[in-house]
Amino acid sequence: LGLFPFLAFLVFKNKDTKEELLNKNNFRKNTPLFPLIIVGIFSFFVIFNTCFLPAKANAALFNFYNFTENGLYKEAKPFLEESFKIQSPFTFWENRKRAGWQFLKILDYEINENTSAEDLQAIKSIYNFIIPELERFAQNRPTDQQIYYVLGRMYRLGYKKLNRDDLGKSKIILEKGLKYSNLRVEYFSELAQTLIAQGKFEEGEKLIKDYVDRTHFQDFFPYLTLGHFYFL
């Protein structure tokens, strides 16, 4: 985005023949130095912001992914902080959502009775850091339908795995998601699990039954959702 307009400017300022254009002395004679400097600085600024910063943010997030995949949670957090610190519009919100999905996987599958106290503390530290960022995401990107599932499930797993008192928040964010899409089975299934965790079995049963009654079986598999609810 920065390089090609700069090259186009050079071509525009040098409309000579190919042979003349290749002549260094003629090139210097026909090209004003000051406009070249201005355009060059502008091009560098555009390249830096559209290429270098997003690449740096993505590289840091990729390191967070690699370290967490190998169980190095304490070492992974600085990379997450570095990625979130970069103020690029191309990565600012998306990297938060991608990190949310990765951390959700950790909460879901990596915490068990064999998890060491040190790892558990590191995971709690990441939880405390990432939750406010995802809450900000939900506030600023309310039409992104993934965030309601990611944040709602993260709240519930934080309650279940990390002893966080976030079940109420899980219910609120999932119910808010239903206002944007009242046919997504993930919202209903996750909200039902939150209600079960709160001891509100009847409310959860009514929620799923209402969903079953107004959806088409072949498209949304509502009876599988209801059966899973009873299983839980």
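This report describes the fold, the nonpolar core and several individual residues of a predicted protein model.

## Basis of the description

The model is predicted, so local features are given only where pLDDT is at least 70 and side-chain atom pairs only at pLDDT 80 or more, whereas totals for chains, interfaces and linings use all residues. Residues are numbered from 1 along each chain as its sequence is written, and side-chain values use heavy atoms, with hydrogens and water left out.

## Overall architecture

The protein contains 13 helices and 0 strands. Here helices (H or I, at least four residues) and strands (E, at least two) are DSSP runs, numbered from the N terminus. Read from the N terminus, the order of elements is α-α-α-α-α-α-α-α-α-α-α-α-α. The radius of gyration is 26 Å, well over the 17 Å that the globule rule gives for 232 residues, so the protein is more spread out than a compact globule. This radius is taken over C-alpha atoms, and the globule rule is 2.2 Å times the number of residues to the power 0.38. Along the principal axes, the C-alpha atoms fill a box of roughly 85 × 45 × 25 Å.

Among contacts with a separation of 6 or more, 63% join residues 24 or more positions apart.

## Surface and charge

The accessible surface comes to about 13800 Å², and carbon and sulfur atoms contribute 59% of it. Such areas come from the Shrake-Rupley method with a 1.4 Å probe; for residues, only the protein chains shown count as cover. Of the 232 residues, 40% count as buried. A residue is buried under 20% relative accessible area, exposed over 50%, and partly exposed in between (1.4 Å probe, protein chains only).

The protein carries 31 positive and 27 negative charges, whose mean positions are 7 Å apart. Lys and Arg count as positive and Asp and Glu as negative, while His and the chain ends are not counted. Each charge is placed at NZ of Lys, CZ of Arg, CG of Asp or CD of Glu.

## The nonpolar core

In soluble globular proteins, nonpolar side chains tend to be buried together. A nonpolar core is a set of buried Ala, Val, Leu, Ile, Met, Phe, Trp, Tyr and Cys residues joined through side-chain atoms within 4.5 Å. The largest such core here has 46 residues, and those touching the most other members are Leu80, Phe103, Leu107, Ile123, Tyr127, Ile130 and Met154.

Phe103 touches Ile123, Ile126, Tyr127, Ile130 and Met154, when residues up to four places away in sequence are not counted. Ile123 belongs to helix 7 and counts as buried, at 0% relative accessibility. With residues up to four places away again not counted, Ile123 touches Tyr73, Phe103, Ile106, Leu107, Ile111 and Leu162. The C-alpha atoms of Ile123 and Phe188 are 27 Å apart, and the two residues are 65 apart in sequence.

## Further residues of helix 7

Helix 7 spans residues 117-140 and includes Phe129. Phe129 is partly exposed, with a relative accessible area of 22%. Apart from residues up to four places away in sequence, Phe129 touches Lys77, Leu80, Glu81 and Phe84. Phe129 and Lys77 are 52 residues apart along the chain, yet their C-alpha atoms are separated by 8.9 Å.

Ala122 also lies in helix 7 and is buried, with a relative accessible area of 10%. Neighbours within four places aside, Ala122 is in contact with Tyr73 and Lys74.

Helix 8 covers residues 146-162 and contains Arg153. Arg153 is buried, at a relative accessible area of 13%. Leaving out neighbours within four places in sequence, Arg153 is in contact with Leu104, Asp108, Glu190 and Gln193. Lys161 is likewise in helix 8; with residues up to four places away not counted, Lys161 touches Leu107, Asp108, Ile111 and Leu120.

Asn163 lies in the loop between helix 8 and helix 9 (167-180). Asn163 is exposed, with a relative accessible area of 67%. Most residues other than glycine have a negative phi. Asn163, although not a glycine, has a positive phi of about 60 degrees.

Terms used:
Contact means heavy atoms within 4.5 Å.
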